[in-house]
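Subject: Structure for you to look through

Hello,

I am passing on a structure for you to look through, and my notes on one part of it follow below. Please keep the sequence and the 3D view open while you read.

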Amino acid sequence: MAALLSPFHFHTQSLNRTTISSPRITTKALAVLGRSNQMQVPYDLKQGQSRIFHKLPSGLSMEVILQKGNAVDKELETRKDTNFEYPPLVFVHGSYHAAWCWAEHWLPFFSARGYDCYAISLLGQGESDAPSGSVSGTLQTHARDVADFIHQEIRSPPVLLGHSFGGLIIQYYIANLGSDQHSEMENFYPKLRGAVLVCSVPPSGNSGLVWRYLFTKPIAAIKVTRSLAAKAFQNNISLCRETFFSAKMEDHIVKRYQELMKESSRLPLFDLRKLNASLPVPSVPNLPFEVLVLGAKDDFIVDAEGLNETARFYGVTPLCVEGVAHDMMLDISWEKGADVILSWLNGLER
């Protein structure tokens, strides 16, 4: 039964397209001519957003949706006048998602408060290129891709924000920052200003979650397996809502996100057997930056013990947001999680 459950993935245009090139080569983005859509269901960007493509050392390109900070109230303008520093925010999605999941609500929210925002689509997801093979990468390759983007394109230490399996990728990034080989790895894993783990898979992976569901919530275990491993959420509105969203989300909104999720993941993020063999993530004592561990009270995927495990790992107190589900950044009360993160970011500056 555990083997049956283990494959499920937890969570996990301006309309012109450009490619970011390394600043060592050119300071201007280059236009991508004749690039075809990877997703059959396109995501239309909001005002102030643009889609660019970061070229990795492999030659493959990652989609990045960006929205520059644009403070909209007098308090924020005053902060800018007094050299208030806004760290860039780099967002990493989980399984069945892509950069669009952040662009819907959180990029407009944080950019309106002065933060430059960058949402990445990992390889094989969204509009990013797909590598050869049956999966889009490993924990290591995904973290290196995120690091390469930051190293080449971000001018000051960012805050990394990851959802579900995206949170696990960020944990691996953090572990490399704290390793004994840090001086050698610094160019590969640039320094961070902070990290936010949103409904994140814990550092031990999903195996503990699987066993707890089997013994304490067997019906939920069957539903999660059917929804994620068998991808039944892609064709069942009710199951999609129960897996990712609050019960009150209207059908037409669930259907829109369902269609985007169906198109977002052309390859699985990981081979979960190999992933689990590489876990847990190494611990990192005495981190030089703060980590926010944020959970959702109505999360159908990551339970309270999973949230607490992640918080214990980083020696922090977890924050659990009431009235939101696993897809906190897309849910009907998405502002609740955004407000908590904004308050935490303000604390970083103080």
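A polar contact is a pair of N or O atoms within 3.5 Å, where within protein one atom must be able to donate a hydrogen and the other to accept it, and residues adjacent in sequence count only if both atoms are side-chain atoms. This is a predicted model, in which local features need pLDDT of at least 70 and side-chain atom pairs count only at pLDDT 80 or more, while totals for chains, interfaces and linings use all residues. Residues are numbered from 1 along each chain as its sequence is written, and side-chain values use heavy atoms, with hydrogens and water left out.

The side chain of histidine 54 has a polar contact of 3.3 Å with that of glutamate 153 and one of 2.6 Å with that of aspartate 148. Histidine 54 lies in strand 3 (residues 49–55); strands (E, at least two residues) are DSSP runs, numbered from the N terminus. Histidine 54 has a relative accessible area of 1% and is therefore buried, a word that means under 20% relative accessible area (1.4 Å probe, protein chains only).

Strand 3 and strand 4 run antiparallel and are joined by 7 bridges, and two strands pair if DSSP finds at least two bridges between them. The bridge partner of histidine 54 in strand 4 is methionine 62. Because 7 of the 7 residues of strand 4 (residues 61–67) are buried, strand 4 is largely enclosed by the rest of the structure.

Best wishes

Methods. Helix = DSSP H or I, 4+ residues; strand = E, 2+ residues; numbered from the N terminus. Buried < 20%, exposed > 50% of the residue type's maximum accessible area, 1.4 Å probe, protein only.
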